[in-house]
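Dear colleague,

I am passing on a structure for you to look through, and below it I have written out what was found. Please keep it open beside you as you read.

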Amino acid sequence: MVVKQISIELKNEPNSLSDPLKVLNESNVNIRALTISETYNLGSIRLIVDKFDDAVQALKTAGIKPIEAEMLAVEIDDAPGSLYKAMETIKGINLDYAYSIINQSMKKAILFLRFRDIDKPKQLFIEKGYKLLSSEDMRNM
Amino acid sequence: MIWDVKNETMPAAQLKELQSERLRAIIKKVYDKVPFYKAKMDEADVKPSDIRDISDLSKLPFTTKDEMRDVYPYGLLTVDLKDIVEIHTSSGTTGKPVVGAYTQGDIGLWSEIMARTLSMGGVTEKDVVQNAYGYGLFTGGLGAHYGIRRVGAACLPISGGNTKRQLEMMQDFGTTVLCCTPSYALYIAEAGREAGIDFRMLGLEKGFFGAEPWSENMRREIEARLHIKAYDIFGLTEIIGPGVAAECELQNMLHVFEDHFFPEIIDPATGNPVPDGQKGELVFTTLTKEGTPVIRYRTRDITFLTREPCSCGRTSVRMHRLLGRTDDMLIIRGVNVYPSQVEQVLIKAEGVEPHYQILVEKRDKMDCLEVDVEMTDELFREMPDDMKYRRKPKELEIEHALHNTLLVHCKVTLVAPKSIPRSEGKAKRIIDKRSI
């Protein structure tokens with residue numbers, strides 16, 4: 001019950017984002033969630049896509065190196081306090097980074113969470129009855 | 001122009017007599033004064049009286065860089081310390097540095113041979129010489145300095161670096177001669193072009209470039225960009241510094257100042273001398289140096305010699321520009337670097353494995369050294385590929401440690417465990433992309 005994330009390193013300069021996006025467009029990959037951040041003289045783009053394997057293959061073929069990581073995708077209510085409650089569930093565990101999307105039709109939000117050790121938080125969320133989404137769910141959204 | 005007509009054009013027979021006489025004297029002196037040489041000669045069962053002329057040189061044992069380090073700091077001293085006026089060292093590569101200690105006479109000798117070097121390219125007292133070799137323990141800066149002074153030219157002792165100021169001085173003082181490493185010459189040319197300087201409008205006429213291997217292509221590039229004539233000069237700290245050999249105006253191989261530094265070429269595997277024209281390891285014996293004479297020093301540089309007469313009129317043997325090394329030493333911006341030094345630093349660093357790869361390439365005309373190092377599994381879990389920015393402090397820490405040891409800057413990149421290709425047998429540790 002994990003979602004695979006693709007991250008790509010980019011030069012921190014104009015137009016560098018368009019190369020990977022063009023590749024994904026041409027291979028008909030849909031982006032479910034996205035975050036772009038700036039680190040030491042590099043930019044980093046992190047993506048959740050519908051067709052993970054196709055995206056990885058297309059990027060590699062185009063000479064772009066995709067970095068894979070496993071994320072927890074936790075469904076929470078699109079309502080005040082729900083993020084707070086979710087975080088209370090994993091109190092004491094270090095979260096490396098996170099981002100989220102909203103599924104308006106379902107009145108739900110999805111949190112994408114990155115941990116160095118994914119097993120403990122996964123177990124805690126399951127125990128508290130949270131729904132964890134998989135890469136398959138990303139395909140079928 | 002020939003600086004020292006008598007010694008530089010000496011007929012072969014007379015030169016051989018002079019070398020033999022000097023060799024007898026130096027061997028007697030080191031045998032009497034330096035326990036290191038006495039022990040080596042005793043072990044090889046050679047007495048000073050066995051050395052009658054220069055052809056007996058091959059009876060003597062070689063001296064290696066490691067042996068010179070073992071007797072650090074004063075073990076090669078042939079005179080009292082009170083007679084030493086200056087001390088230089090190599091960059092302190094693997095472990096202790098090699099020491100060159102100079103008497104007043106040695107400084108005079110150094111001035112003379114560097115004056116010969118500069119005169120070969122036509123430098124006179126009318127010239128303004130910008131000396132961009134580094135001043136300090138490195139022999140390049142002061143060696144060139146003494147030669148410039150001896151010729152009587154005006155010396156600008158600017159030392160290396162600060163390219164903007166190099167260009168300013170060049171314009172303001174009407175520099176006619178540039179001394180630096182060949183890669184720095186190209187860097188200056190590039191910086192000058194970017195600053196809109198037309199080198200044809202400057203007074204620059206010639207340059208003396210050494211301390212690192214370069215090529216005919218690089219010479220042509222320097223000459224075209226700076227609009228000068230570029231001369232190759234050769235020397236090494238173990239022998240004296242710059243001024244061991246240099247090109248004349250014909251730019252066809254380097255004249256060795258063999259009345260002072262006697263060259264041999266040996267087969268590096270057997271140690272046997274090889275004939276002229278055949279490639280092998282260059283070996284030097286100092287015939288006149290007083291402070292720290294060196295007998296049959298194995299340079300680990302590969303080249304060959306020729307005794308064919310040069311039309312410049314000088315009678316000395318000539319050596320081809322360096323053709324390689326017998327070991328894995330790299331020369332980065334004029335500094336000697338051994339992969340084993342990198343390894344020693346990495347072994348001491350926490351969180352990394354001694355699996356590494358060294359990449360050397362030219363960037364903006366300058367040598368760039370990059371080291372990829374594998375992290376331990378533990379560190380990799382802390383700093384996975386999607387969070388590479390976390391590696392920066394660790395990378396900087398290792399860069400700093402490497403800089404302290406190598407004395408050149410390098411860029412360190414931490415990489416995932418087992419990501420550096422393993423090869424069977426000898427690891428491919430070095431990728432040198434420089435085409436010299």
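How many helices and strands are there in chain A? There are five helices and seven strands, where helices (H or I, at least four residues) and strands (E, at least two) are DSSP runs, numbered from the N terminus. Read from the N terminus, the elements of chain A follow the order β-α-β-β-α-β-α-β-β-α-β-α.

Please bear in mind that this is a predicted model, in which local features need pLDDT of at least 70 and side-chain atom pairs count only at pLDDT 80 or more, while totals for chains, interfaces and linings use all residues. Residues are numbered from 1 along each chain as its sequence is written, chains are lettered from A and ligands numbered from 1 in the order in which they are written, and side-chain values use heavy atoms, with hydrogens and water left out.

As for burial, 44% of the 141 residues in chain A are buried, which here means under 20% relative accessible area, with a 1.4 Å probe and protein chains only. The C-alpha trace of chain A spans about 40 × 35 × 25 Å along its principal axes.

One residue to look at is Ile8(A), which lies in strand β1 (residues 3-11) and counts as buried because its relative accessibility is 1%. Leaving aside residues up to four places away in sequence, Ile8(A) touches several others, including Pro20(A), Ile45(A), Leu59(A) and Ile64(A), a contact being heavy atoms within 4.5 Å. Between the C-alpha atoms of Ile8(A) and Ile110(A), which are 102 residues apart along the chain, the separation is 22 Å.

Notes. Buried < 20%, exposed > 50% of the residue type's maximum accessible area, 1.4 Å probe, protein only.
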